[in-house]
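Hi,

Here is the model I promised to pass on.

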Amino acid sequence: MTGTYSFDEIVTKFRAEGRIAIVGASLAGLRAAEALREKGFNGSLTIIGDEPHEPYDRPPLSKQVLKGWVPADHTKLPRLRRVDATWKLGVAAVGLDRINHVVKLANGEDVEYDRLLIATGTRARPWPNPEEAALQGVFTVRTTEDAAGLAAALKVRPKRVLIVGSGFVGSEIASVCRDLDLPVTVAERGRGPLMGALGGVISEIAAGMMRDAGVDLRTGVAVRSLEGEAGKVRRAQLSDGTVLDVDVVVASLGSIRNVEWLEGAGLAAGQWGVGCDAGCRAFDINGVVTDHIFVAGDVARAPHVLYDYEFMSQEHWDNAVFGAQVAANNMINLEVGRVPHLPLPSFWSGQFGVNIKSVGVCSYGDQIVFTQGSPSERRFAAAYGKRGRIVGAVTFNHGKWLPYYAALIEKSAPFPPPPPGYDRPVEAEVMAASFPDPREPAGNPDVVLTGHDPTSRGAEFRPRA
Ligand SMILES: Cc1cc2nc3c(=O)[nH]c(=O)nc-3n(C[C@H](O)[C@H](O)[C@H](O)COP(=O)(O)OP(=O)(O)OC[C@H]3O[C@@H](n4cnc5c(N)ncnc54)[C@H](O)[C@@H]3O)c2cc1C
């Protein structure tokens, strides 16, 4: 019989043929494209990115680039293989027509697809007052241009740098300023640095590190306004009435997910990203899984079996890489060949001479215990627990032990966990982890459990046909 295919032929055709579009030309987008080709996709591949650059790496932007070790335009991502794609760079996707399978671009072009990957990531939350944000000397750090501008401003040795917010990026920049021997003030409206991600016990240690390094750390203080002269920032008004003379301000206020282009497409897209299943397939606004649309990287939000199936948003490098690989696999495989993306969240940060690493979701815990090392020497491991189970761990200059804790978290092992044999700290009692009440001002952790609701918008109820 002509026109019929065996199951194997269908699988092979599905894997190899068709048109795939990827929106977002950064870490997740590039790694997904490479994985698609690696796994045998021979069809047409279009990669759309609103930045004019080839994909580049962001972690060095707040570290090596600001220190002056690496120029901002030298952080291009290494290519792991040829992707044979049509690149559309410097042009944003502005709409998605799911009925006709078309991505609409800002230049009026339409890109047709059979399968689509959404990898549009996040952007820096800007300083809230646009006039103040436009003053020369006011920065955010997300893009290569941001980092180049800030690196140049630090190079001419400002009299004082003000960093607003003390999450990981803000703290890393404060650390660089001290390495460069620049006077720096950190204004944090919450109780302390890294509070949202690691809780009050670890925040106290991080605050000690900052102050010992000479950072003027002010907690419980908001920056009310910025004032300029001749278009350049000169002063900052703090909520406690203090006025600071500053010539560089870095707004490190967290991020915003790039989902606006999906408005009206009927996907479960909202402030925490685009809801998808554990196999990276996007949900529609009613929570129905789609067949042709996948999500990966910082913009994805998926349920996690280890965390009560709550939807998790992660802003971590590893999550973007592994999520992209899983999405690519699932885009070109039928049900039996699909795999889940269930990463144990993990991140690293270098600041004030300390290498900080973490696995699991520390902010899901309500208790903490130091398990190894010495907190006073800032060389330790600590585990986080909830309802008698270990859910996360952090190490300061003790990273080689992280796999030990990761294995326990993967098994939901009992909390407090057995210490791995030696190097037990004096301070080994279980304490409240002291995460901020959600109503308290504090930076969002960069892994967020966002509840079961697939979208912050209401579902769209249609009468039955
Ligand atoms: C300064 C800094 C330091 C960091 N340090 C660390 C670290 O130490 N450890 C760690 O684990 N993680 C770190 N991260 C986080 C890590 O870089 C991110 O997790 C990673 O970049 C996510 O990749 P992504 O491809 O999902 O998203 P992104 O890198 O955000 O890329 C998304 C891309 O899509 C583009 N885009 C958005 N909307 C559209 C549209 N409508 N049309 C077309 N294109 C669009 C964006 O411009 C961007 O180029 C850091 C991030 C920053 C900014």
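Below are my notes on the ligand site and then on the salt bridges.

Some ground rules first: this is a predicted model, where local features need pLDDT of at least 70 and side-chain atom pairs count only at pLDDT 80 or more, while totals for chains, interfaces and linings use all residues. Residues are numbered from 1 along each chain as its sequence is written, and side-chain values use heavy atoms, with hydrogens and water left out.

**Ligand site**

There are 31 residues around the ligand, and D50, E51, R58, R142 and D298 come nearest (a residue is near if one of its heavy atoms lies within 4 Å of the molecule). D50 puts a side-chain N or O atom 2.5 Å from a ligand oxygen. For E51, a polar side-chain atom is 2.5 Å from an oxygen of the ligand, and for R58 the distance from such an atom to a ligand oxygen is 2.7 Å. The protein buries 94% of the 1000 Å² that the ligand exposes when taken alone (Shrake-Rupley areas, 1.4 Å probe).

Which elements give two or more residues to the shell? They are α2 (27-38), β2 (44-49) and α8 (317-331), with helices (H or I, at least four residues) and strands (E, at least two) taken as DSSP runs numbered from the N terminus. By type, the shell has 14 nonpolar, 10 polar and seven charged residues; Gly counts as polar here.

**Salt bridges**

The structure holds 26 of them, each a side-chain nitrogen of Lys or Arg within 4 Å of a carboxyl oxygen of Asp or Glu. For burial, I use under 20% relative accessible area for buried, over 50% for exposed, and partly exposed in between (1.4 Å probe, protein chains only).

- R123 and E260 pair up with their closest N and O atoms 2.7 Å apart. This links strand β8 (residues 122-124) to the loop between β17 (255-257) and β18 (269-270), 137 residues apart. R123 is partly exposed at 32%, and E260 is partly exposed at 43%.
- R257 meets E315 at 3.2 Å, N to O. Here β17 is joined to the loop between β23 (310-314) and α8, 58 residues apart. R257 is buried at 5%, whereas E315 is partly exposed at 22%.
- D84 and R82 come to 2.8 Å between their closest N and O atoms, and both are exposed.
- E227, E229, R234 and R235 form a salt-bridge network.

Cheers

Methods:
A polar contact is a pair of N or O atoms within 3.5 Å; within protein, one must be able to donate a hydrogen and the other to accept it, and residues adjacent in sequence count only if both atoms are side-chain atoms.
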